[in-house]
Amino acid sequence: VFVNPCVFKSLNGAPNGTFQMRMQDGAVEGELQSQGEVMRLEAEGSDISLNEFALVSNMTKMQIYGLLNFTLSTMLQKGKLKTLNLDMTSMNTALCPKRIKLDVAGLPYIEIPFTVFGMITAKFEIKEDLLIIHELKSSGPDIQLDVTGDVSMKKSGRGQDLNIEATILPSQEWLDANNMKVLYQICEKHDDGSVHLSLRGTTKKIRHDCGTPIPEP
């Protein structure tokens, strides 16, 4: 970790300066600026190996492989996050086997096998206590995703409000190799083999809708 602070401004309670962190072959570098009660952070990450970046696995409770690049711009006021813009890509992204709790259609959980998502592109924004998912897409080959929506950042006794729309398109090879046709026993299969999932309500009481499963002949 390399830090190059503006000493006099920092001593006066207004942290300013640049920084750089090296992680294996990857790096994160950026600049922090403060003026009054406002603090701005600009950062850029390149060639970060996700399976060696413990923060990602700790937050997601998943073991993920891929090579991450991102740009980040954020503003804090009185120590509170006011705005954030994050653009990221992850190349050759893959997820290790994971058991995910469901309790849907009589299934308490679903076992996700080793899955290759390929290139993931994402654009997130935080604005007025709202996390906005402008884009979250994966290219496959095992699964293609297309997710948009928003999640309230305000915490309450009932959790955060959410409004998510997702299209999930698994490949036939992935379905056959991993015996994952159970997916179509939970959700409606569209003509192209995709599943459309809608999540509403709160994080403590999620209302999900992915259509009515249609029995295959």
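Biologist: Is Lys78 buried or exposed?

Modeller: Lys78 counts as exposed, because its relative accessibility is 65%. In these terms, buried means under 20% relative accessible area, exposed means over 50%, and partly exposed is what lies in between, with a 1.4 Å probe and protein chains only.

Biologist: Before we go on, what kind of model is this?

Modeller: It is a predicted model, in which local features need a pLDDT of at least 70 and side-chain atom pairs count only at pLDDT 80 or more, while totals for chains, interfaces and linings use all residues. Residues are numbered from 1 along each chain as its sequence is written, and side-chain values use heavy atoms, with hydrogens and water left out.

Biologist: Okay, back to Lys78. Where is it?

Modeller: Lys78 sits in the loop between strand 5 and strand 6, the latter being residues 80-95. Helices (H or I, at least four residues) and strands (E, at least two) are DSSP runs, and they are numbered from the N terminus.

Biologist: And what is the phi of Lys78 near?

Modeller: The phi of Lys78 is near 55°, which is a positive value in a residue other than glycine. Most residues other than glycine have a negative phi, and most peptide bonds are trans.

Biologist: Which loop holds Lys61, and what about its phi?

Modeller: Lys61 lies in the loop between helix 2 (54-60) and strand 5 (64-77). Lys61 also has a positive phi, near 60°, although it is not a glycine, and with a relative accessibility of 61% it counts as exposed.

Biologist: Changing topic: how do strand 2 and strand 3 pair?

Modeller: Strand 2 (residues 17-23) and strand 3 (residues 26-35) pair in the antiparallel sense over 7 bridges, where two strands are said to pair if DSSP finds at least two bridges between them.

Biologist: What does strand 3 do with strand 4?

Modeller: Strand 3 and strand 4 (residues 38-49) are also antiparallel, and they pair over 9 bridges. Gln35 has Val38 as its bridge partner in strand 4, and in this hairpin, which has 2 residues between the strands, Gly36 takes a positive phi near 65°.

Biologist: Now charges. How many positive and negative side chains are there?

Modeller: There are 22 positive and 27 negative side chains in the protein chain, and the centres of the two sets lie 10 Å apart. Lys and Arg count as positive and Asp and Glu as negative, while His and the chain ends are not counted; the place of a charge is taken as NZ of Lys, CZ of Arg, CG of Asp or CD of Glu.

Biologist: How many salt bridges do you get?

Modeller: A salt bridge is a side-chain nitrogen of Lys or Arg within 4 Å of a carboxyl oxygen of Asp or Glu, and by this rule the count comes to 3. Side chains of opposite charge can pair when their charged atoms come close. Glu111 and Arg99 form one of these salt bridges, at 2.7 Å from N to O. That pair links distant parts of the chain, since Glu111 is in strand 8 (residues 107-112) and Arg99 is in strand 7 (residues 98-104), 12 residues apart.

Biologist: And which residue does Arg200 meet?

Modeller: Arg200 meets Glu165 in a salt bridge, with 2.5 Å from N to O. Arg200 lies in strand 13 (residues 195-201) and Glu165 in strand 12 (residues 162-170), so this pair links parts of the chain 35 residues apart. Arg200 is partly exposed at 27% relative accessibility, and Glu165 is partly exposed at 35%.

Biologist: What about Asp176?

Modeller: Asp176 forms a salt bridge with Lys181, and their closest N and O atoms are 3.9 Å apart.

Biologist: Last one: how many helices and strands does the whole chain have?

Modeller: The protein chain has 4 helices and 14 strands, and of its 217 residues, 34% count as buried.
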